[in-house]
Amino acid sequence: MLPNYRRDDGTTHPPLLSPGYKSTVPRAPREQFVLLPHSLTEVTGPLLGEGRVTAADADLTLAPGGEAQGQRIVVHGQVRDAGGRPIPHTLVEVWQSNAAGRYQHRWDQHHAPLDPHFTGVGRCLTDADGHYRFVTVKPGAYPWGNHPNAWRPAHIHFSLLGRAFTQRLVTQMYFPDDPLFAYDPIFNSVRDERARARLIAKFDLSATVEAWALGFRFDIVLAGEDGTPTEDPHDD
Amino acid sequence: MTTEPDFGFDGLTPSQTVGPYLSIGLPWPDGHEVVEAGAPGAIKIFGKVYDGTGAEVPDALIETWQADPAGGFAHPDDPRGPSDSGFRGFGRCPTDDTGDWAILTLKPGIVPDRDGRPQAPHIDVSVLARGLLHRVVTRIYFADEATANASDPVLATVPEARRSTLIATPDRDGYRFDIRLQGDDETVFFAL
């Protein structure tokens with residue numbers, strides 16, 4: 001019996017065409033999507049990471065050859081599916097700007113300092129209970145050309161493979177109480193207020209390290225299996 | 001004393017765009033090599049990504065997932081038993097400044113659908129890019145599998161006029177598979 005992954009009901013993920021975010025206008029597909037029944041190709045997926053990451057890849061503050069500037073933070077959480085089941089040993093990849101709001105990328109010409117000791121990339125695997133943990137610095141807000149006086153709220157990009165092709169997710173983690181939330185079309189492309197709130201990490205005193213780093217918790221929930229097996233509606 | 005934050009489950013995490021700087025965090029040095037160069041049977045699948053204005057997309061990422069040549073997957077959820085072929089099955093390649101991507105892989109075998117009907121050789125594809133708030137999903141089929149394609153249960157549900165957007169065509173270097181996010185000849189994308 002193949003696992004049966006629940007389809008997105010359209011209330012969580014943002015609409016591809018979200019004109020407030022200008023780049024969606026020429027890039028969002030316009031034709032109707034064709035329903036893809038979940039065969040073996042969709043319910044399986046790459047189980048990668050062993051041998052691909054080292055423990056050091058989870059600390060973004062210590063590479064390369066010096067300590068990154070900025071407010072040190074611990075970001076941790078649990079990766080689960082929508083049924084609440086932890087997803088163990090799955091690859092979590094992150095990338096972000098430095099504390100001044102600049103990416104180490106040739107296209108980023110924002111007039112803010114580059115940090116030679118911050119590449120902005122990290123990787124780890126979830127443990128047997130789906131937990132992950134990174135040490136990094138809090139990224140800065142930065143301007144972008146989307147609209148007048150447009151600044152992105154501070155965020156960390158997250159990429160997850162999950163266990164099946166259906167579970168692949170790329171998202172962004174935001175920080176509590178950011179004054180830029182109300183003005184950001186990428187954050188607000190998620191229309192449901194409760195779903196938007198799930199993009200915001202929670203300050204976590206228990207993960208805060210005495211005199212060293214602030215802790216934040218960001219749990220991630222990927223598409224889950226249906227509790228009750230049903231037929232795929234591919235003959236409709 | 002403060003209140004403990006509630007870390008309980010309350011729904012799916014929404015998707016967000018990879019943004020323009022995805023190449024900081026996502027590519028791997030060997031991402032485009034599902035198999036190593038020189039592997040027997042290796043084929044190159046390559047193409048460009050275009051937006052709705054016809055412009056090349058230099059900040060996209062293509063990911064591929066597929067069966068091995070025997071139709072197996074190295075995954076415990078394959079009820080036939082996980083394949084032990086050692087085939088990674090996963091490819092990942094960012095587009096370059098001119099929208100080009102390429103992966104080196106093996107041609108997949110036949111994979112049954114849920115009813116046991118054979119599907120034509122196919123590769124599942126995720127396209128991520130700045131300006132895409134969620135990945136979009138398509139499939140690569142092969143032009144030189146005309147008989148299998150003609151009876152493929154998924155291709156049969158795709159409007160005939162658009163089916164060609166899912167077919168990789170033999171080219172001197174391998175197979176060409178261009179992706180058009182929007183506009184005339186928009187690639188067929190699937191709802192998962």
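Helices (H or I, at least four residues) and strands (E, at least two residues) are DSSP runs here, numbered from the N terminus. The model is predicted: local features need pLDDT of at least 70, side-chain atom pairs count only at pLDDT 80 or more, and totals for chains, interfaces and linings use all residues. Residues are numbered from 1 along each chain as its sequence is written, chains are lettered from A and ligands numbered from 1 in the order in which they are written, and side-chain values use heavy atoms, with hydrogens and water left out.

**Stop 1: two buried loop residues in chain B**

Select B:Gly89, which sits in the loop between β2 and β3 (90-94) of chain B. B:Gly89 has 1% relative accessibility and so counts as buried; buried means under 20% relative accessible area, exposed over 50%, and partly exposed in between, with a 1.4 Å probe and protein chains only.

Next take B:Phe73, found in the loop between β2 and β3 of chain B. Its relative accessibility is 1%, so B:Phe73 counts as buried. From B:Phe73 to B:Ala161 there are 88 residues in sequence and 32 Å in space, C-alpha to C-alpha.

**Stop 2: chain A as a whole**

Chain A has three helices and twelve strands. Its radius of gyration, 19 Å, is close to the 18 Å that the globule rule gives for 236 residues, so chain A is as compact as a globular protein of that length. The radius is taken over C-alpha atoms, and the rule is 2.2 Å times the number of residues to the power 0.38. Along the principal axes, the C-alpha atoms of chain A fill a box of roughly 55 × 45 × 30 Å. Of the 236 residues of chain A, 56% count as buried.

**Stop 3: a strand pair in chain A**

Select residues 131-137 of chain A, which form strand β5. Five of the seven residues of this strand are buried.

**Stop 4: the annotated stretches**

UniProt, in an unreviewed entry, places "domain: Intradiol ring-cleavage dioxygenases" at residues 75-103 of chain A. UniProt positions are given in the numbering used here, feature names are shortened, and annotations may be inferred rather than shown by experiment. Over residues 75-103, chain A is 0% helix and 45% strand, with the end C-alpha atoms 19 Å apart.

In chain B, the UniProt annotation "domain: Intradiol ring-cleavage dioxygenases" (unreviewed entry) covers residues 43-183. That stretch of chain B is 4% helix and 38% strand, and its end C-alpha atoms are 29 Å apart.

**Stop 5: the pockets**

Show both chains. On a 1 Å grid over the protein atoms alone, a pocket is an open set of points with protein on both sides within 12 Å along at least five of seven lines, a cavity is a set where a 1.4 Å probe fits but cannot get out, and lining residues have an atom within 4 Å of a point. The largest pocket has a volume of about 1000 Å³; grid points are joined across faces, edges and corners, and a volume is the space filled by probe spheres set on the points.

Of the 43 residues that line the largest pocket, select A:Asp8, A:Asp9, A:Gly10, A:His13 and B:His134, which lie nearest its centre. Two or more lining residues come from each of α3 (193-197) and β12 (220-222) of chain A, and β8 (136-142) and β12 (190-191) of chain B.

The second largest pocket has a volume of about 340 Å³. Its lining has 23 residues, with A:Ser23, A:Trp144, A:Gly145, B:Pro20 and B:Arg130 closest to the centre.

**Stop 6: the largest cavity**

The structure holds three cavities of 30 Å³ or more, and the largest cavity has about 60 Å³ of space. Select some of its lining residues, including A:Pro46, A:Phe165, A:Arg168, B:Trp65 and B:Phe90. Strand β2 (residues 60-66) of chain B gives the most to this lining, with three residues.

**Stop 7: two aspartates with positive phi**

Finish with A:Asp177, in the loop between β9 (169-174) and α3 of chain A. Its phi is near 65 degrees, a positive value in a residue other than glycine. A:Asp177 counts as exposed, at 75% relative accessibility.
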